[in-house]
Amino acid sequence: MIDGVGVREGRAEDAAALADALARNRAHMRATEPYRPERYYTAEAQAERLADGGRRWFAVRADGRIVGAAILSGIVLGPFRSASLGYWVDGEHTGRGIASALVAEVLRASRDGLGLHRIEASTLLDNHASQRVLAKAGFERIGTAPRYLHIAGAWRDHHLFQRILHDQDPPRA
């Protein structure tokens, strides 16, 4: 628990609280997120996202308010055993270690629960706070991707990072 905020895996019943958190942080995340249609900020849209096959962890206050999230998407098993990580923290809760706690829990669950070998992440070139979170979690920068994502009205370059979780052989079918 950090500053009265705990981290737990997301659940289907979190859709309304997640929609509220995203709507509340819309302006805060505008510079680092892709364009989102109005429907994205509804409980219905978030319920669909919670059922999309990705895994999510939420930073939650004692009153149930979501103040951060980590999303593991593009989960591939077999010989690759990899996934992509994204995360955000509520504008009123930045700089308190919440992103680091979310990322640490995702890494633990990815290694111990999902048996993943590798997690990848990317940041805008000027997102130094996020780069510090990744470095603290043991990610290494592996390159820079030109015009990687369409963010804030333009194709933006991103630094690419990875964290190798273990070197064990994948399970045999």
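In the predicted model, helix α1 passes helix α3 in a right-handed crossing. The axes of the two helices, α1 spanning residues 15-24 and α3 residues 43-50, come within 8 Å and cross at roughly 115 degrees, which makes α1 roughly perpendicular to α3. On the side of α1 the contact is made by A15, A16, L18, A19 and L22, and on the side of α3 by A43, Q46, A47, R49 and L50.

The strands of the model, 7 in number, form an open sheet of mixed pairing, in which the order is β1-β2-β3-β4-β5-β7-β6. From one strand to the next, the twist averages 25 degrees. Helix α1 also packs on this sheet, where it touches β2 (55-61), β3 (66-76) and β4 (82-89), and the direction of the helix makes about 105 degrees with that of β3.

Two hairpins involve β3. Strands β2 and β3 pair in the antiparallel sense over 6 bridges, and R55 has L72 of β3 as its bridge partner. The hairpin of β2 and β3 has 4 residues between the strands, and G64 in this hairpin takes a positive phi near 90 degrees. Strand β3 is likewise joined to β4 by 7 bridges, the two strands running antiparallel, and here the bridge partner of A70 is Y87 in β4. In the hairpin that β3 and β4 form, 5 residues lie between the strands, and G78 in the turn has a positive phi of about 65 degrees.

Strand β5 (residues 118-124) contains S122, a residue that is partly exposed, with a relative accessible area of 26%. When residues up to four places away in sequence are not counted, S122 touches Y148, H158, H159, L160 and F161. The C-alpha atom of S122 is separated by 22 Å from that of V7, these residues being 115 residues apart along the chain.

Note on methods:
Residues numbered from 1 in each chain as written. Predicted model: local features only at pLDDT ≥ 70, side-chain atom pairs only at ≥ 80, totals over all residues. Heavy atoms only, no water. Axes fitted to C-alpha atoms, helices over the stretch in contact; angles between N-to-C directions. Parallel < 35°, antiparallel > 145°, perpendicular 65-115°, else oblique. Left-handed = near helix turned anticlockwise from the far one by under 90°. Contact = heavy atoms within 4.5 Å. Pairing = 2+ DSSP bridges. Buried < 20%, exposed > 50% of the residue type's maximum accessible area, 1.4 Å probe, protein only.
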